[in-house]
Amino acid sequence: MTPAMASRGGIGGRILLYAALIVLALAFAAPLFVMVATSFKTMAEIRQGSIFSLPHQIDLSAWRDAWSHACTGAYCEGLKPGFVTSFQIVVPAVLGSVFLAAINGFALARWTVPHADKLAAVLLLGAFVPYQALLYPIVHTLGLFDLYGTIGGLVLIHILLGQPILTMIFRTFYAALPHEIVQAARIDGAGFYRIFFQLILPLSPSILVVAAIMQTTAIWNDYLFGLVLGGTGNTPVTVLLNNIVNTETGEARYNVNMAATLLAGLPPLAVYFLSGRYFVRGIAAGAVKG
Amino acid sequence: MMNPVNRATTGGISIRNLSKAYGATMVLKDTSLEIEPGEFTVLLGPSGCGKSTLLSAIAGLETVDGGSIHMRGEDVTHVDAARRRIGMVFQSYALYPNMTVRGNLSFGLKVAKVSRNEIAWRVDRVAELLQITALLDRKPAALSGGQRQRVAIGRALVREADICLFDEPLSNLDAKLRTEMRMELKKIHRTLGTTMVYVTHDQVEALTLATRVAVLRGGVVEQYADPRTLYEKPETMFVAGFVGSPAMNFVRGRFVAEGQGALHTADGIRLSLAGYPFRKPPVAGDEIILGLRPEATEFAPASAFAAANPVEIALIEPMGADTLVWLKLGEQMISVRVPSDRAPSPGDRLAITFDAARASVFAADTGLRC
Amino acid sequence: MMNPVNRATTGGISIRNLSKAYGATMVLKDTSLEIEPGEFTVLLGPSGCGKSTLLSAIAGLETVDGGSIHMRGEDVTHVDAARRRIGMVFQSYALYPNMTVRGNLSFGLKVAKVSRNEIAWRVDRVAELLQITALLDRKPAALSGGQRQRVAIGRALVREADICLFDEPLSNLDAKLRTEMRMELKKIHRTLGTTMVYVTHDQVEALTLATRVAVLRGGVVEQYADPRTLYEKPETMFVAGFVGSPAMNFVRGRFVAEGQGALHTADGIRLSLAGYPFRKPPVAGDEIILGLRPEATEFAPASAFAAANPVEIALIEPMGADTLVWLKLGEQMISVRVPSDRAPSPGDRLAITFDAARASVFAADTGLRC
Amino acid sequence: MRREGGYSAGPGLILVPAILLVLLTYYGSILWTIYISFTDSNLIPNYRLVGIGHYIRLWSMDRWHTSVANMLIFGSGYIVLTLLLGGTLAILLDRQARGESIFRTIYLYPLSMSFIVTGVVWQWLLNPSTGVQQFVRDLGWQSFTFDWIGRPDRAIYTLVFAGVWHASGYVMAILLAGLRGIDPEIWRAARIEGIPVWRVYASVVLPSMRATVATCVVLLVTHVVKAYDLVIAMTRGGPGTSTDLPAKFVVDAMFERGNVALGSAAAVMLLLIVAAALVPFYLYQRRQPK
Amino acid sequence: GRKDDGRPVAEVIHSWTSGGESAAIHEIVAAYEKRGGRWTETAVTGIHAGRALAISRIAGGQPPTAMQWAMSRAVQDFGKQGVLEPLDARARREGWQGRYSPYIYRQMQANGHIVMEPLAIHGGNWLFISRQALDAIDAKPPENWDEFFDIAARLRAKGFVPLAFSGEAWTQTLVFYNVMLGVGGKAFYRRVMDRHDASAVSSPTMRRVFDIFGRLRDEVDAGVSSRTWNAASGMVIAGKAAMQIGGDWTKAEFIAAGQQAGRDFACVPTPGTRGAYIIYGESLVFPLGRGDRGRAAREMLLDVLNDPALIQRFSAKKGGVPARLDVQPIHADACTRFAAETLADPDSPVPNGLLAWDSDTEGELRDIIAQYWVRSLSTDAAIRSMAKVIHDAA
Ligand SMILES: Nc1ncnc2c1ncn2[C@@H]1O[C@H](COP(=O)(O)OP(=O)(O)OP(=O)(O)O)[C@@H](O)[C@H]1O
Ligand SMILES: Nc1ncnc2c1ncn2[C@@H]1O[C@H](COP(=O)(O)OP(=O)(O)OP(=O)(O)O)[C@@H](O)[C@H]1O
Ligand SMILES: [Mg+2]
Ligand SMILES: [Mg+2]
């Protein structure tokens, strides 16, 4: 869409547009407001007051506790230790899974792969298996290859489990690319990888961002595999968060819980925010007629 | 670019019994075409007749359903496009949107591991030739239609392949540039001896550039001949009607054996065919069609002729140097091209004359030349 | 389609001092153009000169940086495209990819709440006209380049707006179809009196269709005149060189006052300008340029002429009916168009003759007609 | 979608190991799960076959029927509303709004927050005595009632709210990436024809993004099928068993109720249901002209 | 990081993650490391996650040295699968039989082997009452259900929510068992819970249990269904609600809010349950198969746990009473003292749901009770379903 289109509908349309955007943003942010407000309250205030009220005074102790004091087992070091582990898992797993899925999606969409349709469908079906049902075989197999309890094993599993949906997303996206561009590159003598790296990847910033958002979210927030496959010592943030927040018979400190959740959510949020400029770019605009 | 490397004998293409369907639509039907090394073959035909499809098949971009393609003497039917070593210009440009013009031009060379200097040199050379030097650092989205097309041509030329395919490469260029480019292509073809297969709608392009023109109709090659033959001795009515602009006029009637043969139209007009070199004269009474080129037809004041074929001016189309005069010959319309300064006035009554030796006669039933 | 509704007086367009830049690139510079109601204006100019941009500005698809556009007497500079009530054909077709051809044609009418019957009738009519009836149920992806273009034209025509904009609508059609479509467009224009603004590269289209042609150069209108005037009395050298195909020949030299004036070239050739209707004759010694149309130039056996201007045949380009003969006049190249049957043989030595009254003379410094 | 007729070995080389590994992970696990469902595994898996008893018991359980019925109710509401809201957001953002990046991040933020705690916030918001109901009553509308979370017949819809809030950003991101790939000339053509913007979206843009929309649907279906955290965080399946979902049924059976075989049988049934639902979809996709 | 310095590494899975729990487990960690071992752990809260982790690790051949497991039927099933280390030799050596009450000692065995070591005991039949509320109506804590409803009515009149309650199914089940114990007495309770007597379910007593349990629905407020038990405690602490039924872990909420047992709130047995103790046991089990290194760690950990002082400190921080009879609670407040007194009677322990049933049956019963609570099931239907489930389980 060209900037000229922005003028469409005039000032009135613009005001309506922003009104809609803002109202929706407020609605989306309401739970966030409750969380932030709660995180700055003392427990006494939380018990007494309304969830919508602003804190009487800003109490930062919950944030401090969540970051470095809350207990998550024998140790009371807050979420802090988990961040390193989580980054160690998320960075390679997101890069690996997005990258692999992009290649596979492109190959399935635009290249002669025998039975690509069926392959894609069979692959996709995998996305519907509840992960819990995969748990035992995965633990068992990882154990066989001595990968159990290692970050490497966990990364591998995240890469594999992300494939069905990601591959589908990339395949759909690449199928819509004007195919003459790929043809021209083939005429130019470029092989699969060159076309992929020099032509296709630069054309896909928006979908790469989508995939990265999906994977960052999924892997950062993954609890089950991080818990079960991480083994001892490789405890990601979510497991710590869960230990802080979830309690069956211990006391609940909602302010700490909220602060911890907000803290744990920051890295993905940063990814969403930073990915913005890549989103704005359209693809292929105008390079192809017809 | 202009390295006088003689590749003249390397780039032959032989297309044998090719067929291709999209679902139920048969696009190519048992198409065969022998393109000699160094030849400049133009594919001509109405929109949708399968020109682009045939070109794609040659490039290896479309799988074919049957038949084979040989290139440089080798069977390449199942060889990947990337390994056919050709250049190609796409009808839809297909520029790489993420790369600048320079990137578009040098991509293929980089792939081929041409040295940096050589790339820079070739790109500059081609850019100059195509008058796109000033655009080298723009991306395709910031180019006009014609500019994009020139970049697309440049991308094919810069590779210096011994086979080059063009799908209507000049259609979005202005006349001046088109003429220049046409001459450049001809020069390139002469210098390099590259085999060129060229799809166009433009008669002038087809006739000036081609060593041979293949006229396609519904995926079938109707005639494959040098431009002069094609123009003067079209084998079928379709070719006759399709080649030449303004188009050949057709006058329908029955063959009568008077004199050396004549044509009688339904509304009583008689045209003598004296001097026409029949291959096999039709039987008297057969329905035939007389093809007259607008420029090979003239008119004279009506009085000088028999009252049997008076004509009336229906429409006058000025076309710059010439003017096209549309005449009513009985119920049939005929166009005559005259220099603009000799154009008659609307309403004048005239009669036409023509040289039967330069006309064409077709059998009405088969459409084949008699 | 052919409803004889007279809209002839409704669709005037007045463009005043328009300017538009893309970043640092000034595309339109103080462009003005008065298009009378019912006029058929063709925008002609080299690739990248701003034709599409000007058309987009008229359509309201691009904001302009300065100037104003009036339509039907009203200022529409800031009126949305949707409310300018126009039809438009895009250079890149811009068909709706998810809809069939029928859907593409009828979508706008449906939105405008035209009755079902009326829609069906109009679509069928237009489809027939454009020979796309058989394609009505296909989607754009399954069409050839030319077929897409016809659909795009259909989408504009079916709206029956009193202003219609065309961006190279016929560039992907074959000659036959192009001729037919050209005539159809002319007929439509006559019948409906629609104001048409038409971008093309095709000389023939420009000259046959236009009531007036605007020649653009770098976003500036160089001349805006009827085709005949444009062709015969180009105001600038640029127009002279741009309009007409094959292009006008230019002979550069100095004006000398001998007889009624003559041109002396650097290599000693003398050409008499006797009979040329100077507006304001140049000063003797001024550098001037003589423009000769290839078809308004003839040659005679060399012997019949002074030894001062012998010519040599450099290249012969057969173009079907005619042949273009390239001559060397001293160091300068001149093309002459002759009927193919009267083409000379390569190597012949000849001399050229021309009618100065039909030539053009320009001042070399300003490029303006003298 | 036209596929190039190439015969390059490149894509085969990358596809085979990657996809095989994915298929092995999923289908190996699925086969294992199928096997286990025919054994008498209880607390931990074993390999003693006992036949189809678990399937019979499964289909005789009210709770399973409730789960499946809930999945249909929740699934349709969730998918339809998420698509509508996500689509609306994508379209609003596509209109060249200033601050797009900020709005986009706000709409995406729910994704980054762990459901463990956002679930608590939603509980508060939906709780008649602390949340929206009380808020509105405090504003003076005393008769306002919004107590769905406590009503067995309505609680399932509250899951829809939270789910839509959580996932709309996803759908927005995917659709936005698709919208950015639409040929800008199409917009120009539509403007000339005087077609209202919404109509262009509805009749041209979204239909030509059908594959992308389908991707979103598939993605959302996987969410529905796997919906576990959501229920746990919001209602724990209650009131009673009124918000139970199949994934929760599976996990409960396997890990809480020490009945791995029954859980496996439920997982297998779930997969069969999904496969049955996907087949028509797949056939429809294939029938589309490419 | 998995440094290998030759020290026996105890790898422990547990779910003691909240502040008090963490302090408790830290006592064990400190003792273990003092002894020369290295402690690594996977702490995980949530019964599903914990089980998923534990079972998948055992099934996947990666068992931990020890794992926390509530004393339950499930652990006995576990033991029967042969995946837990028998502790018989050590039990004999250290005289475990005399160390635990007979009831608990019975629960420690599977297939005739000792397979778990209990650390602390919690009680499940407590009624917590806000002093402020009691004072407002000038009443004493109720001893039976009639008194309970009487007090409830008066509390409501004063603007209190009589009973703070949550929407979690397990709390509903806990309260149901409380009512069953209070209404039917120990004998009836054991008939159902120990002997799995389906006919008891069909008896009029059970109908009365359901009725009274059902009447509790009138004593709670509107927001009950989406509340956690902690939030329910918060209502009592904040003075909005008056009473809460629950386990002694509930006390931790009151303590954390700065309240004192006896002064700010009272803890008494749920009406009709004086002299009975619904028992919850916190214990460790030791999966088989970690090789020599694993065995060394396990033995060292068991040696550490043999120390009565450690158990005493652990239980104190954990908020329960020591599982061992030979260890006295320290710093006991009113509630703990009362619990210890009750437990001194060997006839007082009765099972909680986990001890009474295998997990599958327990879950099904929980579903029935939860559905009854929200009126998705009538009394008749609930009794019928419950009878069937218990009949099938027996
Ligand atoms: N988005 C853009 N950004 C920068 N420059 C642009 C952009 N669009 C067009 N231009 C430039 O503006 C000039 C005019 O473009 P326009 O498309 O109007 O040319 P045109 O006359 O239609 O040419 P053609 O005949 O090749 O279609 C060209 O030089 C082109 O490179
Ligand atoms: N993907 C497709 N599916 C179905 N039919 C197709 C497809 N592509 C092309 N066709 C049809 O095949 C025929 C030949 O197409 P092709 O593009 O080769 O024509 P062309 O001769 O290049 O025409 P033009 O001069 O208009 O570009 C056309 O009738 C077209 O409608
Ligand atoms: Mg084509
Ligand atoms: Mg243009």
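Me: What is the accessible surface of chain B, and what share belongs to carbon and sulfur atoms?
Reply: The model is predicted. In chain B, the accessible surface comes to about 13,800 Å². The share that belongs to carbon and sulfur atoms is 51%.

Me: What percentage of the residues of chain B count as buried?
Reply: Buried means under 20% relative accessible area. Chain B has 370 residues. Those that count as buried come to 60%.

Me: Is B:H70 buried or exposed?
Reply: B:H70 lies in strand β4 of chain B, which covers residues 66-71. Its relative accessible area is 16%. The cut-off for buried is under 20%, so B:H70 is buried.

Me: Which residues does B:H70 touch, not counting residues up to four places away in sequence?
Reply: Contact means heavy atoms within 4.5 Å. With residues up to four places away in sequence left out, B:H70 touches B:G12, B:I13, B:S14, B:R16, B:D75 and B:V76.

Me: How many positive and negative side chains does chain B have, and how far apart do the centres of the two sets lie?
Reply: Chain B carries 43 positive and 40 negative side chains. Between the centres of these two sets the distance is 6 Å.

Me: What area is buried between chain D and chain A?
Reply: The size of an interface is often given as the accessible area lost when the parts come together. Here 100 residues of chain D contact 101 residues of chain A. Carbon and sulfur atoms give 74% of the buried area, which is about 9,400 Å².

Technical notes
Residues numbered from 1 in each chain as written. Chains lettered and ligands numbered in written order. Predicted model: local features only at pLDDT ≥ 70, side-chain atom pairs only at ≥ 80, totals over all residues. Heavy atoms only, no water. Buried < 20%, exposed > 50% of the residue type's maximum accessible area, 1.4 Å probe, protein only. Areas by Shrake-Rupley, 256 points an atom, 1.4 Å probe, with all protein chains shown as cover. Lys, Arg positive; Asp, Glu negative; His and termini not counted. Charge placed at Lys NZ, Arg CZ, Asp CG, Glu CD. Buried area = accessible area lost by both parts, 1.4 Å probe. Helix = DSSP H or I, 4+ residues; strand = E, 2+ residues; numbered from the N terminus.
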